[in-house]
Amino acid sequence: MTERKPVGVSFESWVDKQIREAEQRGDFSQLPGFGKPLPDIDRPYDETWWIKAKMQREGVSMLPPALALRKEAEDTRAAVSEARSETEVRRMLAAVNEKIEAAIRRPPLGPLLNMQPFDIDAVVEEWRAERGSA
């Protein structure tokens, strides 16, 4: 589409011709998402849809710090059952405990934290019990 619009041809008809020729060549059939429905087409319009979509694609969260720490603690607690060794369990819990203790010393903005550090030995015992190794 590097050619220029000929003199005397209306812009609209020239563009229509370019599109028609591209369709005939099959230029549009190779585009990503061809033939797939538009995602979220039935949702109400949101002016910040593109920001939310980019944040979701990149895994960015905009939770207040206290809620983000609660979520991290929940995710870590859930991930403990997938840990392969006791050392890994202790490392994961120690990292979260460090953040919880820092948040207790200097409360973050937002809602109250209302958390206590994990009892690492108790969680390790639960982990061992899940595995059947005591």
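1. A residue is called buried under 20% relative accessible area, exposed over 50%, and partly exposed in between. The model discussed here is predicted. D27 has a relative accessible area of 38%, so it is partly exposed. Its salt-bridge partner is R25, with 2.8 Å from N to O. R25 counts as exposed, at 55% relative accessibility.

2. Side chains of opposite charge can pair when their charged atoms come close. In the whole structure, 11 salt bridges are found. One of them joins E126 and R77, whose closest N and O atoms are 2.2 Å apart. E126 lies in helix α5 (residues 120-131) and R77 in helix α3 (residues 65-80), so this pair ties together parts that are 49 residues apart in sequence. E126 is partly exposed at 42%, and R77 is partly exposed at 27%.

3. A salt bridge also links E86 with R128, the closest N and O atoms being 2.5 Å apart. Because E86 lies in helix α4 (residues 86-105) and R128 in helix α5, the pair ties together parts that are 42 residues apart in sequence. Salt bridges with shared partners join E86, R90, D121, E125 and R128 into one network.

4. I19, F28, L31 and F34 make a nonpolar surface patch of about 380 Å². F34 lies in the loop between α1 (11-25) and α2 (49-58), and counts as exposed at 54% relative accessibility.

5. The largest pocket holds about 420 Å³ of space. Its lining includes P39, D40, W49 and Q56. By class, six lining residues are nonpolar, one is polar and four are charged.

Note on methods:
Residues are numbered from 1 along each chain as its sequence is written. This is a predicted model: local features need pLDDT of at least 70, side-chain atom pairs count only at pLDDT 80 or more; totals for chains, interfaces and linings use all residues. Side-chain values use heavy atoms; hydrogens and water are left out. On a 1 Å grid over the protein atoms alone, a cavity is a set of points where a 1.4 Å probe fits but cannot get out, and a pocket is an open set with protein on both sides within 12 Å along at least five of seven lines; lining residues have an atom within 4 Å of a point. Grid points are joined across faces, edges and corners, and a volume is the space filled by probe spheres set on the points. Ala, Val, Leu, Ile, Met, Phe, Trp, Tyr, Cys and Pro count as nonpolar, Asp, Glu, Lys and Arg as charged, and the others, Gly among them, as polar. Patches are made of residues with over 30% relative accessible area and no salt bridge: like charges are joined within 9 Å, nonpolar side chains (Val, Leu, Ile, Met, Phe, Trp, Tyr) within 5 Å. Accessible areas come from the Shrake-Rupley method with a 1.4 Å probe; for residues, only the protein chains shown count as cover. A salt bridge is a side-chain nitrogen of Lys or Arg within 4 Å of a carboxyl oxygen of Asp or Glu. Helices (H or I, at least four residues) and strands (E, at least two) are DSSP runs, numbered from the N terminus. Buried means under 20% relative accessible area, exposed over 50%, partly exposed in between (1.4 Å probe, protein chains only).
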